[in-house]
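Keep the sequence and the 3D view side by side. We will walk through a few places, one at a time.

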Amino acid sequence: MDTDTALAWVRAIAEAVTEHTDQLTQLDAAIGDADHGTNMHRGFSAVVATLDGSRFTTVGEVLTKTGTTLVSTVGGASGPLYGSAFRAAGKQLTDPVVTAEQLLEGLTAGLEAVQRLGAAQPGDKTMIDAYRPALDAFDKALRNGGDLVAAALAATDSAEEGMRATIPMIARKGRASYLGPRSQGHQDPGATSTVLIFHALAEVVSG
Ligand code: ADP
Ligand code: MG
């Protein structure tokens, strides 16, 4: 992945978020406060505006700028969580062009940052439930000799599976946890936006 691909990835996420703003908000209306779509839209619109006016020489700079902008523009829990993930990934990726293995290391640092900040475990009905299986599949694809395209496609499939698996879960973190067992039967909004992020990656790297 080079700097231009990283920029295209973030722009593709912004487009997907724009397209799915209502869906994300409706999911959050069921078990939260109906702002996940608008939070993500506000954040990624600000990211695109910031990227348009900047120059980047490494993948890491693009991702770090994305993270910093999300933290400063999104009020909800998802802003600091995704913001920290992009910043942590960016910090790792200091080369102008990064390999699929390096990207996996960056994404793994991102997941660790989310878990450090939000203290959610798998099964708590959060973005982690899509993010973690996505990275497991990414890793497995690379180990089986796959390239970045294969890894990103596998990660997207597993993120989707993880997203659907949040439906029967009882939320133990974030606003949805206030509902206790009444959070059951609803898909987690954050797990859904995580799928958009991996889907955008797969789309961009497969050209
Ligand atoms: P808020 O909950 O502050 O309104 P959003 O609606 O933008 O923020 O985001 C909600 C999403 O954030 C949830 O669907 C969940 O996936 C994610 N989330 C909330 N708390 C945590 C946490 N502690 N760890 C990981 N993800 C979390
Ligand atoms: Mg919300």
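Contact here means heavy atoms within 4.5 Å. Bear in mind that this is a predicted model.

Start with a pair of helices. Helix H3 covers residues 36–52, and helix H4 covers residues 59–73. Which residues of H3 meet H4? They are Arg42, Gly43, Phe44, Ala46, Val47, Thr50 and Leu51. On the H4 side, the partners are Val62, Lys65, Thr66, Thr69, Leu70 and Thr73. An α-helix has 3.6 residues a turn, so residues three or four places apart point the same way.

Now look at how the pair is arranged. Two packed helices are described by the angle between their axes and the distance between the axes. The axes of H3 and H4 come within 9 Å. They cross at roughly 135°. An angle over 145 degrees would count as roughly antiparallel, and 65 to 115 as roughly perpendicular. H3 and H4 are therefore oblique to each other. The crossing of H3 past H4 is right-handed.

Next, find the magnesium ion, ligand 2. Which protein residues are its donors? They are Asp28, Asp33 and Asp35, each through an OD atom. Along the sequence, their spacing reads D-x4-D-x1-D. Are Asp33 and Asp35 buried, exposed or partly exposed? Buried needs a relative accessible area under 20%, and exposed needs one over 50%. Asp33 has 32%, so Asp33 is partly exposed. Asp35 has 21%, so Asp35 is partly exposed too.

Move on to helix H7, residues 128–143. H7 has 16 residues. At 1.5 Å a residue, H7 should span 22 Å. The C-alpha atoms at its ends are 22 Å apart, which agrees.

Finish with Ser183, in the loop between H8 and H9. Is Ser183 buried or exposed? Its relative accessibility is 0%, so Ser183 counts as buried. Leaving out residues up to four places away in sequence, Ser183 touches Ile31, Lys125, Ile167, Met169, Ile170, Ala171 and Ala176. Ala12 is 171 residues from Ser183 in sequence. In space, their C-alpha atoms are 30 Å apart.

Methods:
Residues numbered from 1 in each chain as written. Chains lettered and ligands numbered in written order. Predicted model: local features only at pLDDT ≥ 70, side-chain atom pairs only at ≥ 80, totals over all residues. Heavy atoms only, no water. Donors = N, O, S within 2.8 Å, 3.2 Å for Na, K, Ca; no water. Buried < 20%, exposed > 50% of the residue type's maximum accessible area, 1.4 Å probe, protein only. Helix = DSSP H or I, 4+ residues; strand = E, 2+ residues; numbered from the N terminus. Expected span 1.5 Å × (residues − 1). Axes fitted to C-alpha atoms, helices over the stretch in contact; angles between N-to-C directions. Parallel < 35°, antiparallel > 145°, perpendicular 65-115°, else oblique. Left-handed = near helix turned anticlockwise from the far one by under 90°.
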